[in-house]
Amino acid sequence: MGSTHMNGTKWSPSSWKSKPIVQGVEYDDQKAFDGAITKLSKLPPLVTPLEIVKLKNELREVALGNAFLLQGGDCAELFDYCTQDMIEAKVKLLLQMSLVLIYGGKKKVVRIARMAGQFAKPRSSPMETVNGVQMNSFRGDILNSYEPDVKLRTPHPSRLVDAYMHSAATLNYLRAALGSGLADLHAPLDWSLGHVLDSSVRAKYQRLVSSIQDTLDMLRTIGLDSARNLETVDLFTSHEGLLLGYEQALTRAFRLPPSTLTSATSRHHSHNRRASTSASTPTTYYATSAHFLWIGDRTRQLTHAHTEFFRGIANPIGVKVGPSMPASDLIPLLDILNPTREVGKIVLITRYGAPLIAKHLPDHIRAVQASPHAGTVVWQCDPMHGNGRNATSETSGQTFKTRRFSDILSELQQALQIHRSLGSYLGGVHLELTGEAVTECVGGAEGLTEEHLNTNYTTFCDPRLNEKQALELAFLVAGFLREEYEEGSDGDAS
Ligand code: PEP
Ligand code: CO
């Protein structure tokens with residue numbers, strides 16, 4: 001088993017094991033680990049190649065500038081988040097944000113949730129001290145428990161199968177709920193703006209909401225909302241592909257007829273043929289734990305295990321790109337991950353921080369433009385991961401990890417401007433958000449301050465935008481896109 005790639009070296013789902021790895025995992029119980037991996041290797045795929053190819057075709061449209069990508073969800077999804085209410089709240093929020101972005105950018109919006117598998121976290125420090133006791137840091141529910149207990153913080157292999165089961169349960173409800181109309185355009189959505197303190201800002205958002213509602217009403221009046229393609233909304237799933245043992249066990253070989261690879265949207269050609277069923281078509285490996293996986297900013301070394309694993313899977317993939325990425329590494333990485341230069345295969349998820357984006361993004365854009373990969377990548381802005389900071393409450397003395405809404409917005413706005421000024425297209429945003437009314441990021445129209453952080457701070461990893469902040473960000477981005485669209489169409493006319 002294995003396939004030869006353009007760069008000549010053999011790839012197989014396990015070839016990453018011969019490379020150095022960072023953020024690797026040591027289990028005490030090797031037998032239990034082997035048992036978990038054997039079990040996972042037999043369980044059915046969570047997503048199908050046809051769905052993955054469909055996403056790839058949609059991302060191709062994003063790379064070409066014809067669509068916009070919205071990706072969002074928790075930093076660390078917990079097994080406990082697998083509830084009807086939490087799943088519904090996140091799906092509705094993503095749908096609502098996408099309607100706002102469609103209105104702003106006049107483009108189709110591709111939706112990917114950080115959901116149904118976002119269980120593994122890279123950590124800057126493997127150990128931490130809680131109440132004077134040294135223990136492993138929490139590395140995500142797929143590895144250990146967030147409970148501050150030395151034993152529960154020790155990685156346990158049974159969690160690998162638990163992670164699969166929680167992904168499956170989440171995905172099952174996602175599919176069922178979407179298929180039953182949860183995200184239909186006639187489903188009720190909460191557009192209330194009572195929390196917006198500034199009345200002129202509130203009036204501005206209200207105009208946007210009214211325009212969107214008028215459009216939806218019109219679709220309803222003429223019966224278009226019951227057209228098949230408006231009834232069910234596509235929502236793809238994604239997570240960081242950090243735990244390569246888990247990903248390998250769910251990576252499967254398929255032989256798909258070549259026609260499926262280019263026009264994957266027709267159900268009539270939908271085949272999930274396994275490698276054994278046809279001898280004439282080439283074998284392709286798909287990671288079937290999610291439609292889309294990304295490599296984190298800490299694990300994208302050219303010669304290491306994660307890059308090795310990712311170069312062999314046919315899924316569309318993301319690469320986090322932070323300030324530590326030299327522009328000279330970017331093209332070699334693209335050469336490895338996308339040797340055939342498929343358009344839309346790679347999403348570059350840039351995350352520098354508001355003060356640093358102007359220093360790094362232009363060089364990264366120019367490097368791609370000057371390479372054979374020009375025009376093939378999707379550029380996505382992650383305005384979250386470069387903007388973390390600590391805040392200490394003056395009254396309680398408690399310290400929280402937070403992010404300022406204004407920094408998030410600033411990085412996004414700068415990304416739009418920089419891409420535009422270089423003749424590049426910002427194809428999407430990548431956000432950490434939740435459908436719950438949490439108090440983790442400061443700022444936004446509700447006026448959350450550092451003193452509010454302890455009201456409902458529930459994240460076990462990075463601070464997320466709450467539902468109101470996330471929707472507000474969509475309003476603001478829609479405003480930027482609209483200006484761009486209007487200026488762009490003026491330009492076309494002259
Ligand atoms: C994340 O997306 O939660 C994450 C850890 O990001 P990065 O790899 O960019 O730091
Ligand atoms: Co995060």
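Strands, like helices, are runs assigned by DSSP and numbered from the N terminus, a strand having at least two residues. In this sense R114 belongs to strand β4, which covers residues 108-114. The views below show a predicted model.

**Figure 1. Eight strands close into a barrel.** The order of the strands is β3-β4-β7-β10-β11-β12-β13-β16, and their pairing is parallel. On average, neighbouring strands of this sheet are turned by 30° against each other, direction ignored. Helix α11 (residues 357-369) lies across β11 (317-321), β12 (346-350) and β13. Relative to β13, helix α11 runs at about 170°.

**Figure 2. Strand β16 pairs with both β13 and β3.** Strand β13 (residues 378-381) is joined to β16 (residues 426-432) by three bridges in the parallel sense. Here W379 stands opposite L426, and Q380 has G428 as its bridge partner. Strand β3 (residues 67-73) also pairs with β16 in the parallel sense, over five bridges. In that pairing Q71 stands opposite H430. Seven of the seven residues of β16 are buried, so this strand is largely enclosed by the rest of the structure.

**Figure 3. Four residues listed by UniProt gather at one spot.** An unreviewed UniProt entry lists C75, H385, E432 and D462 under "binding site". These residues span 388 residues in sequence, yet no two of their C-alpha atoms are more than 9.8 Å apart, so they gather at one spot. The lining of the second largest pocket takes in C75, H385, E432 and D462.

**Figure 4. H385 and E432 are seen with their surroundings.** H385 lies in the loop between β13 and β14 (388-392), whereas E432 lies in strand β16. Leaving aside residues up to four places away in sequence, H385 touches C75, R114, K320, R351, R403, E432 and D462. A polar contact of 3.5 Å links the side chains of H385 and K320. E432 has a relative accessible area of 0% and is therefore buried, the limit being under 20%. Beyond its neighbours within four places in sequence, E432 is in contact with several residues, including G73, M384, P463 and L465. The side chain of E432 also makes a polar contact with the side chain of R114, at 3.1 Å.

**Figure 5. R114 and K320 belong to a further "binding site" feature in UniProt.** The unreviewed entry places this feature at R114, K320 and R351. The lining of the second largest pocket includes R114, K320 and R351. R114 counts as buried at 1% relative accessibility, and its side chain reaches the backbone oxygen of C75 at 3.1 Å. Among the residues that R114 touches, not counting those up to four places away in sequence, are D74, K121, S238, W294 and H430. K320 is found in strand β11 and counts as buried at 5% relative accessibility. With residues up to four places away in sequence again left out, K320 touches R114, W294, R351, D382 and H385, among others.

**Figure 6. Q469 is a buried residue of helix α13.** This helix covers residues 467-493. Q469 has a relative accessibility of 2%.

Methods: Residues are numbered from 1 along each chain as its sequence is written. Chains are lettered from A and ligands numbered from 1 in the order in which they are written. This is a predicted model: local features need pLDDT of at least 70, side-chain atom pairs count only at pLDDT 80 or more; totals for chains, interfaces and linings use all residues. Side-chain values use heavy atoms; hydrogens and water are left out. Two strands pair if DSSP finds at least two bridges between them. Helices (H or I, at least four residues) and strands (E, at least two) are DSSP runs, numbered from the N terminus. Axes are lines fitted to C-alpha atoms, for helices over the stretch in contact, and angles run from 0 to 180 degrees between N-to-C directions. Contact means heavy atoms within 4.5 Å. Buried means under 20% relative accessible area, exposed over 50%, partly exposed in between (1.4 Å probe, protein chains only). UniProt positions are given in the numbering used here, feature names are shortened, and annotations may be inferred rather than shown by experiment. On a 1 Å grid over the protein atoms alone, a cavity is a set of points where a 1.4 Å probe fits but cannot get out, and a pocket is an open set with protein on both sides within 12 Å along at least five of seven lines; lining residues have an atom within 4 Å of a point. A polar contact is a pair of N or O atoms within 3.5 Å; within protein, one must be able to donate a hydrogen and the other to accept it, and residues adjacent in sequence count only if both atoms are side-chain atoms.
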